[in-house]
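User: Please examine the structure below and answer some questions about individual residues.

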Amino acid sequence: MDFTHTDERQMLADMVGRFVREQYDIETRHANAGSDEGFSREHWGQLAELGVIGALFDESVGGFGGAGFDIAVVFEQLGSGLVVEPFLANLLAGTALATAGGHESSLEEMMAGACLLAFAHGEPTSRYCLSQVDTIAEETASGYRLNGNKAVVISGDTADKLVVSARSGGADGDGDAAAAISLFLVPADVEGVHIRSYPTVDGYRAAEIALKDVDVPADALIGEEGGALPIIEQVNAAGILAVSAEALGAINVGIDMTLEYLKTRKQFGVPIGQFQALQHRMADMMTEREQIRSALINAAGHLTSDAAERDWHMSALKNLVGRSGRKIAEECIQMHGGIAMTWEYAVGHYSKRIIMIDHLFGDEDHHLRQIIKLGSAA
């Protein structure tokens, strides 16, 4: 099987990579992350104009990509610059809209960079269980009334619209409770939506969102009522693929910086890279990276497979990223020594992001259990 990029994907990778190299150094990244919104509207608009957002979605919904390999290409390059603009949040919410159908105008505005979306699904007690939804949607004369709490909503503080999951019938634990989950498109500024924003430890932004008697019209429903769980699972798969590719991009930079440091840092009059023990550790890091790359390619090719096969490959990828990513991140820190822990030196920020990605969409232990549960994908 030929895994080389098509000409279009290679051009996409080169374009995003060039933008990161030329306009998104670590100081710019820190400035964007430290701004009031936690990202740069200017950079977001520029990347939207270049078509980077549209590359994440299929032509049928107004994009020009949307395959697993397109998502992987974009997020690997974004990871190489620790880009804090809300690509992940809009991929998640956009995937929900694109998968369910409808709300085309919101999707088009998002791809144009004019509307920010966020996916509000996780809850304080749900951990990694996708069917654990306690937020309630009660039917009213004009639509629905939402009540509940959403936790760690990625980029939820700057979103114009939220894709919110809620239980529209039954209660969690009652029979086939998963069949009662629905999705709704909710304006972030509607009465009853309360958002508490905070920075994450790796320099990104998230929010806790409380929904208190939030009234939305009937056409706020995304897809069929009670049929949202398969959509949420597809969103979760796209998220796993995206952050795993982002981790690979960050790993590439971490390894390159560490290799350069081993070539220039001297002890006993020679570069420390000449010490055999460090050479072996560097070789191990590069081997682990190539395993991640292979798993990423495999998972990208299965993003649109049937659910069981897709989820097995996504869990295999995410488990590997969690295990190997942490090892590489820690080795980058240890081989640099104390300088790696300073704010001014970039490798510590890359390592922090790699480690934190393990906790998004299920950590390595969770996905090991999923692999066992799903059995062999063959």
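Analyst: Buried means under 20% relative accessible area, exposed over 50%, and partly exposed in between (1.4 Å probe, protein chains only). This is a predicted model, in which local features need pLDDT of at least 70, side-chain atom pairs count only at pLDDT 80 or more, and totals for chains, interfaces and linings use all residues. Residues are numbered from 1 along each chain as its sequence is written, and side-chain values use heavy atoms, with hydrogens and water left out.

User: Is Gln234 buried or exposed?

Analyst: Gln234 belongs to helix α7 (residues 229-264); helices are DSSP runs of H or I with at least four residues, strands are runs of E with at least two, and both are numbered from the N terminus. Because its relative accessibility is 16%, Gln234 is classed as buried.

User: Which residues is Gln234 in contact with, leaving aside neighbours within four places in sequence?

Analyst: Contact means heavy atoms within 4.5 Å. With those sequence neighbours set aside, the partners of Gln234 are Thr95, Thr99, Leu303 and Arg310.

User: What is the relative accessible area of Asp213?

Analyst: Asp213 is placed in strand β7 (residues 205-217). Although not a glycine, Asp213 has a positive phi of about 50 degrees. Most residues other than glycine have a negative phi. Asp213 is partly exposed because its relative accessible area is 48%.

User: Where is Phe361 placed?

Analyst: Phe361, a residue other than glycine, has a positive phi near 60 degrees. Phe361 counts as buried because its relative accessible area is 17%. The place of Phe361 is the loop between α10 (347-357) and α11 (364-374).
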